[in-house]
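Take a look at the chain below. We will start with the whole and then move to single residues.

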Amino acid sequence: MDHGLDTHPTLNKPSNLLRLLSNTLVLYHTAPYIPIPSLLALGATSKSFKSLIYNTPNVFRHLDLSGISSLQLTSQVGAIDHGGQVWRNAQLDENVTEDDFYGGPLRGIFQNLNRREILSSVKTLILDGLTVPADLVTEIITDESFNVRILSLREVKHLNVRKLQQALMYVARPSRPANTPKLQGLYIFGPKDPVQKHSTRKSTSPLTGAIISSAGAQLGVAYGDQAAEDDNSWYEESGQIFPMFHGYEWAQTLQACEGIISFDLVLCNGPRHGRTLISDSKAWYANPGKYIPPLTASHALGPCHGCGGAPEGVASVKHISSDRLPLIAPQPLLSSAIKYAKLPNRPGPASNCKVVMRCSECLRNRYCQSCHKWWCEDCWNAPEKSATVAEQWENIGRSGNTVKLGVIRDCFECGFNCAGCIKRTQLMCKLCGGGYCLKHNEGSTLTTAGRHAINGCRC
């Protein structure tokens, strides 16, 4: 009997989704995971969704433009004086500068966002891999229409690094106006995050029959993929993190911005840089002739293998001043506060790990590239001209002492290794006296490597 009741009510899907996202807590925790094109498409579906997306504060707080294909200048675009078709299909003007040309697509996006009153709500801006000239970065940092707290410029193209360094030093000058700059964190040295590949497959929910696209709805999967790429290298005994030398100019820039703008790189705090108070005035590194200009840290190490400490002090991550901690990738999604960008992605052991961040110059002849063991300046004065490490080891062996400090390079591929690693990987032929590496089979073949310790090498 039909009593006028619908036993199979049709769910009003747009209303249910609108009701769900109208909860600001749900919306704030969902919006950062939705790609910007999908978020704009959602706002175009109805007036209710448009009002929700555009009128709710902080929906666009985390803005990631790195995956938008229209902002990618292809390799077919040559020098600006070649003329031809460019963005917006306009003929190039002779008065257009190189920065105007390469910054045109992004400026068009920013103008559009400003007209919609969205630009001022952006606190985290990610431009990784895009074409971003230095003049545009200066506008983002100094222009009143921007309120960016965290900016990511990893692997950007056509960026004049020297002009960017000058802009950063200018905005961080001692005579700067109060409450400036707004920018608090800059990602620029590390590699950009891998592009998330969203599946286009569609699955039907057995409960509601709704079509669920993995690009927008399967947020838990996207979050899991992102969490798998978290980088805690700075808060672990990872050894060398940056193989390249970033130059004295960047070190000076980081020093000028210290306490004002944080980076995904920090300065070395070794005692020879003069950044820490030296307690022993008679220490060899207290000599002004041993001074090293500021350099950026390239290694994340544990305490000294000899004394368990370091001249600059060793403390766990949670006890180190936040000004001396680097930004950790990826950028925090649910907050734009700089303190959360420096926290380990996997709390627990990383938070309690005692780390020492040093440059390559401070680790010369005192760092093992295999086991990441190192000795501080108080435990061992690395030989410079008086005697080599090998000569010191030879003297120690004749004296009967088994403690060998420092590193030498017995195998080119293994690099500089400590005595313990060399003992495990390097053997000497009893016939010819030549050394060889077990790890790389130098001076041996696969058929004879197992008999070298007894029968010698191929000689």
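Buried residues make up 42% of the 459 residues in this chain. Keep in mind that the model is predicted. The accessible surface of the chain is about 25,400 Å². Carbon and sulfur atoms hold 52% of that surface.

Next, consider the contacts in the chain with a separation of 6 or more. Of these, 70% are between residues 24 or more positions apart.

Where does Val148 sit? Its place is in the loop between α6 (134-142) and β3 (150-152). Is Val148 buried or exposed? Its relative accessible area is 4%. Buried means under 20%, so Val148 counts as buried.

Which residues does Val148 touch, once neighbours within four places in sequence are set aside? The contacts of Val148 are Val122, Lys123, Leu125, Ile140, Lys182 and Leu183. One of them, Ile140, has a number that falls in the range of α6 (134-142). Leu119 gives another view of the fold around Val148. Leu119 and Val148 are 29 residues apart in sequence. In space, their C-alpha atoms are 9.1 Å apart.

Which residues form a positive surface patch? Lys47, Lys50, Arg115 and Arg116 form it. Find Lys50 in helix α4, which covers residues 47-55.

Conventions. Residues numbered from 1 in each chain as written. Predicted model: local features only at pLDDT ≥ 70, side-chain atom pairs only at ≥ 80, totals over all residues. Heavy atoms only, no water. Patch = residues over 30% accessible without salt bridge, like charges linked within 9 Å, V, L, I, M, F, W, Y side chains within 5 Å. Areas by Shrake-Rupley, 256 points an atom, 1.4 Å probe, with all protein chains shown as cover. Salt bridge = Lys/Arg side-chain N within 4 Å of Asp/Glu carboxyl O. Lys, Arg positive; Asp, Glu negative; His and termini not counted. Charge placed at Lys NZ, Arg CZ, Asp CG, Glu CD. Helix = DSSP H or I, 4+ residues; strand = E, 2+ residues; numbered from the N terminus. Buried < 20%, exposed > 50% of the residue type's maximum accessible area, 1.4 Å probe, protein only. Contact = heavy atoms within 4.5 Å.
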